[in-house]
Amino acid sequence: MKKTILMCLFAIVSIFTMNAQDSISIKKYEIKVITSVESIVPSGLGRSRIISANAERDYKQFTSSQNKEDNTRNKSKRKDIRVKDFDETKLLNFYNIGGIRFQNIAANDAVISSKLTTMLSEGWDLVFVTSAVESDSGESDGQGIFITRYIFKRVL
């Protein structure tokens, strides 16, 4: 009986030790943002795309810290921030001449699902999704987009 209790205690201590070691180890992650921009411009005149940057940028190069003594602004040039190495996947616009086109929405869902499935199969975890809309405000506007950002992470 004593041996059984001793073995159980040893197993429990081993499990807690392994869990503690896992939680202590520091994991480093990389983050990837995929953006879908879907046009809600009437008559199908807008452009809809999935955008995925292939280039990396270090935000620190474009950041300044300001305080009472030093309010110097970051002098980065826009051309240094701009990314020209990216994937652009064509999507369909929500509207065509006849109005809202539900087949286009279903097609976009299929293409976006394909992109997200590929990301997951490459080891990325989807951690957050955020959406926003700038809608058409009437006859004189004629503009609008529906934007969604998919934020992924994976262990380096």
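Me: With which side chain does the side chain of Thr148 make a polar contact?

Reply: A polar contact is a pair of N or O atoms within 3.5 Å; within protein, one must be able to donate a hydrogen and the other to accept it, and residues adjacent in sequence count only if both atoms are side-chain atoms. Here the side chain of Thr148 pairs with that of Ser131, at 3.1 Å. Keep in mind that this is a predicted model, where local features need pLDDT of at least 70 and side-chain atom pairs count only at pLDDT 80 or more, while totals for chains, interfaces and linings use all residues. Residues are numbered from 1 along each chain as its sequence is written, and side-chain values use heavy atoms, with hydrogens and water left out.

Me: Is Thr148 buried or exposed?

Reply: Buried means under 20% relative accessible area, exposed over 50%, and partly exposed in between (1.4 Å probe, protein chains only). Thr148 has 5% relative accessibility, so this residue counts as buried. You will find Thr148 in strand E7, residues 145–155. Helices (H or I, at least four residues) and strands (E, at least two) are DSSP runs, numbered from the N terminus.

Me: Which residues make up the largest nonpolar core?

Reply: In soluble globular proteins, nonpolar side chains tend to be buried together. A nonpolar core is a set of buried Ala, Val, Leu, Ile, Met, Phe, Trp, Tyr and Cys residues joined through side-chain atoms within 4.5 Å. The largest one in this model has nine residues: Ile34, Ile50, Leu91, Ile112, Leu116, Met119, Trp124, Tyr150 and Phe152.

Me: How many residues does H3 have, and what should they span?

Reply: The expected span of a helix is 1.5 Å times one less than its number of residues. For the 20 residues of H3 that gives 28 Å, and the end C-alpha atoms are 28 Å apart, which agrees.

Me: Which residues of H3 are buried?

Reply: They are Asn104, Asn108, Ile112, Leu116 and Met119. Look down the axis of H3: the buried residues fall within an arc of 100 degrees (taken from the directions from the helix axis to the C-beta atoms), so they line one face of the helix. On the other side of H3, Phe102, Gln103, Thr117 and Ser121 are exposed. The cover over the buried residues of H3 includes strands E1 (29–39), E2 (48–53) and E3 (86–91), along with E7. Just after H3, Gly123 takes a positive phi of about 95 degrees.

Me: How many salt bridges are there?

Reply: A salt bridge is a side-chain nitrogen of Lys or Arg within 4 Å of a carboxyl oxygen of Asp or Glu. By this rule there are two. In one of them, the side chains of Arg154 and Glu30 meet at 2.7 Å, N to O. Arg154 lies in strand E7 and Glu30 in strand E1, so the pair ties together parts that are 124 residues apart in sequence.

Me: What is the distance between the closest N and O atoms of Arg49 and Glu88?

Reply: In this salt bridge, those atoms are 3.0 Å apart. The pair links distant parts of the chain, with Arg49 in strand E2 and Glu88 in strand E3, 39 residues apart. Arg49 counts as buried at 18% relative accessibility, whereas Glu88, at 44%, counts as partly exposed.

Terms used:
Contact = heavy atoms within 4.5 Å.
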